[in-house]
Each structure stands twice: as structure tokens, then as C-alpha cells.
Amino acid sequence: MKERAASRGSDDFRARHVRWQWREALDRLIWMSCWSFVLLSASYGVVRLIGRALGWRPVPYGELMMIGGVGVVMLALVALLWNALGFDRDDRLFFRILDSLREIGRGNFSARAMLEVRRGFPDHPMNQLVLHVREMAEGLERIEQMRQEFVANVSHEMQTPLTSILGFVKALKSDGLSEGERRHYLDIIEAESERLSRLADNLLKLTSLESGHHPVTLKRFRLDRQLREVAIACEPLWTEKGLLLDMQVEPVELQGDEDLLGQVWMNLLSNAIKFTEPGGRIQVRLEKEDTGVCASVADTGIGIRPEDMSRVFTRFFKADRSRGKPGNGLGLAITKRIVEMHHGDISVESEPGHGSTFKVHLPYTQGGR
């Protein structure tokens with residue numbers, strides 16, 4: 001029903017557009033005739049003045065106007081035919097653009113294939129319009145794919161703990177459970193509930209950071225002290241696995257949001273601890289540079305496969321799902337966004353089986369303040 005109504009609307013628009021074209025052509029013809037009459041009359045007056053000065057007789061006014069009128073009519077017919085042909089050629093492309101935009105609006109982004117650039121006229125306005133419409137359709141298609149992937153990932157990340165919680169709640173309803181089994185099931189439900197809570201918190205934080213409206217409180221602070229405080233906060237984790245933590249940090253003061261940058265170091269160090277086998281080693285470095293600082297966290301963990309390197313900072317990406325490591329794949333995406341908000345950059349170097357190194361470059365000041 002909607003498609004039939006849209007088709008009727010398109011046909012009505014085409015009819016109105018054709019009527020407008022011919023009205024426009026007629027207006028041009030009338031204006032051209034009027035101006036031609038004015039110019040011919042003015043030219044006749046000038047010729048008469050010149051004829052009197054030179055002593056020769058000019059062409060009679062009637063003959064001149066007759067010749068001019070015939071010329072104007074012939075010129076008008078040629079111009080009208082040329083414009084009609086030009087209108088028809090441009091109209092076909094114009095209506096293809098409208099049809100493509102209508103399909104794109106319905107979610108059919110492949111409709112951009114209907115648009116082809118005219119050969120030999122790369123700078124023609126219609127060609128430029130075609131290129132921009134195709135570029136817009138490609139961008140919208142990427143956004144739609146990202147949205148679908150985001151919904152699928154969120155659904156998957158929420159479904160797993162919810163299924164676990166539901167299963168153990170049903171188990172708790174069973175008779176004959178010992179106190180130890182009941183407490184064990186409750187501990188699992190608590191852990192899965194905390195996992196859901198962390199997922200929700202990280203989603204809200206990432207959405208806020210990506211919106212560009214997240215509050216940022218800039219102040220000067222000692223980055224080396226912050227790194228040491230994060231290492232101390234994570235001490236129970238790396239001592240439990242028997243990891244060796246090697247810290248070499250230079251005294252550095254910079255301007256930034258202390259709380260947000262603290263989350264950067266917490267995420268990087270937590271990941272290093274998580275993916276490093278017991279007895280491994282973690283190195284934390286902080287060095288001064290000409291315009292900023294370079295902080296790095298290196299580990300001797302499982303590393304990242306080459307084909308996964310480009311997706312490390314993608315939302316919900318997990319490089320090692322098979323080992324069942326805790327996490328929701330949002331930590332590095334949040335980390336990257338915080339670093340970008342501080343006009344810095346983050347990179348990773350890794351080799352499977354030999355660990356990973358994350359480097360963060362930050363300027364000393366933000367926006368010249």
C-alpha cells in the first residue's frame with residue numbers, strides 16, 4: 001500500500017516537474033523575445049545616427065525588425081530544442097537520484113548502484129550530486145552495520161549471564177540442596193549479576209564518552225604517582241598469579257582529567273594481568289618526550305593474532321574467547337576514546353605467545369591551556 005502511494009506520488013511529481021520545465025522554457029522564450037526587440041530597436045537608432053554622420057541610408061526599420069524577428073524565432077527554436085534535450089537527459093539522472101534516495105530511506109543501501117557518473121563530465125553538478133549521494137549511502141550502510149553488530153553483541157553479552165542466573169534460580173527452588181550447594185549457587189548468581197552491572201556501566205560510560213558531552217575536568221597532576229597508585233590497587237591481582245611487575249616511571253606532570261586517565265591505566269594493567277600466565281612479567285614505563293609523554297604497559301602473555309590487531313579497540317571484541325576470560329570487550333574501546341579526548345593516541349604491538357605492548361602518547365597540555 002505504501003509503495004503504491006509512493007509510486008503515485010513519484011508520478012505526480014514527475015508530471016509537475018515536466019510542466020514546470022515547459023513553463024520555464026516558455027518564460028525564457030518570452031523574455032528573450034522582449035530583450036531582442038529592445039536590442040534591435042536600440043541598434044536601429046544607433047545605426048541611424050551613424051548613417052547620418054557618414055551620409056549613407058540605413059536599412060528600413062520594418063525590414064530590420066523582420067530580419068531580426070526571423071532570426072530570434074530560429075534562435076528560439078534551436079534553444080528550445082537544445083534545452084528540451086538537455087532537460088530530458090538531466091531529468092533521467094535527477095529522477096534516478098530521487099528513486100535511489102527513496103530506496104535508501106527505506107534501508108535499501110544497495111540502491112546507490114542505480115547511480116552512475118556521466119563519462120566526460122566529471123565536474124558537472126549532477127555528477128557531483130551522484131558522488132555525494134553514493135558516499136552518503138555508503139556511510140549510512142556502515143552505520144547500520146555497526147548498529148546491528150552493536151545490538152547483536154549487547155544481546156549476546158546480556159544473554160549469557162541472564163541464562164546462567166535463570167538456571168541457578170531454578171536450581172535453588174529444588175528440594176534437598178545442601179547449604180554448601182545453595183551458597184555456591186548464590187555466589188554464581190551474585191557474580192553474574194555483577195557482570196551485568198559492569199556491562200551496563202561500561203555501556204553508559206562509552207555512550208557518554210562517544211557523545212562528546214561527557215564532562216571533562218582538566219587539572220595538572222603527577223602522572224607517575226597515578227601509575228604507581230593504579231599498580232598498588234592491582235597488587236592483589238598480580239601477586240595472586242605470581243607475576244613480576246617492573247615499573248620505571250619518570251616524574252612527569254601533565255594536564256588532563258585525572259579520573260578518566262586513571263581508568264586508562266587500570267584497563268591496560270588489568271588486561272595485562274588477565275592475559276599473562278602465572279609466573280609471567282609485566283613492565284610499566286613512563287618516559288618524557290618533546291611535546292608530551294609516552295606511557296606503555298607490556299606483558300609476556302598470550303599475545304594477539306595478526307588478523308585481530310585491527311579490531312583490538314572495537315567494541316565487544318575479545319581476542320581470546322576460547323579461554324573464557326572475564327570481561328565484556330568494552331575496556332579498550334573506552335580506553336581509546338579517553339585517550340582521544342586528551343588529544344593523544346594509543347597503539348599496540350603484539351606477537352602471539354610472546355605478549356603485547358600498549359603505548360599511550362599524551363601531550364603535556366590540552367588545547368594550549
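This is a predicted model: local features need pLDDT of at least 70, side-chain atom pairs count only at pLDDT 80 or more; totals for chains, interfaces and linings use all residues.
Let's start with the helices. Two packed helices are described by the angle between their axes and the distance between the axes. For helix H7 (residues 258-274) and helix H8 (residues 331-341), the axes come within 9 Å and cross at roughly 145°. The crossing of H7 past H8 is left-handed. On the H7 side, the contact is made by Leu260, Leu261, Gln263, Val264, Asn267, Leu268 and Asn271. H8 contributes Gly331, Leu332, Ile334, Thr335, Ile338, Val339 and Met341.

After H8 comes histidine 343, which has a positive phi, near 60°.

Strands E6 and E7 lead us to the sheet. It is open, has 5 strands in the order E2-E4-E5-E7-E6, and its pairing is mixed. Strand E2 (244-249) and E6 are the edge strands, each with a single partner, so one side of each has no neighbour in the sheet. On average, neighbouring strands here are turned by 10° against each other, direction ignored.

Further inside that order, strand E5 (residues 292-299) runs antiparallel to E7, and 7 bridges join the two. To find your place in this pair, look for cysteine 294, which stands opposite histidine 361 in E7.

Note on methods: Residues are numbered from 1 along each chain as its sequence is written. Side-chain values use heavy atoms; hydrogens and water are left out. Axes are lines fitted to C-alpha atoms, for helices over the stretch in contact, and angles run from 0 to 180 degrees between N-to-C directions. Helices (H or I, at least four residues) and strands (E, at least two) are DSSP runs, numbered from the N terminus. A crossing is left-handed if the near helix is turned anticlockwise from the far one by less than a right angle, and right-handed if clockwise. Contact means heavy atoms within 4.5 Å. Two strands pair if DSSP finds at least two bridges between them.
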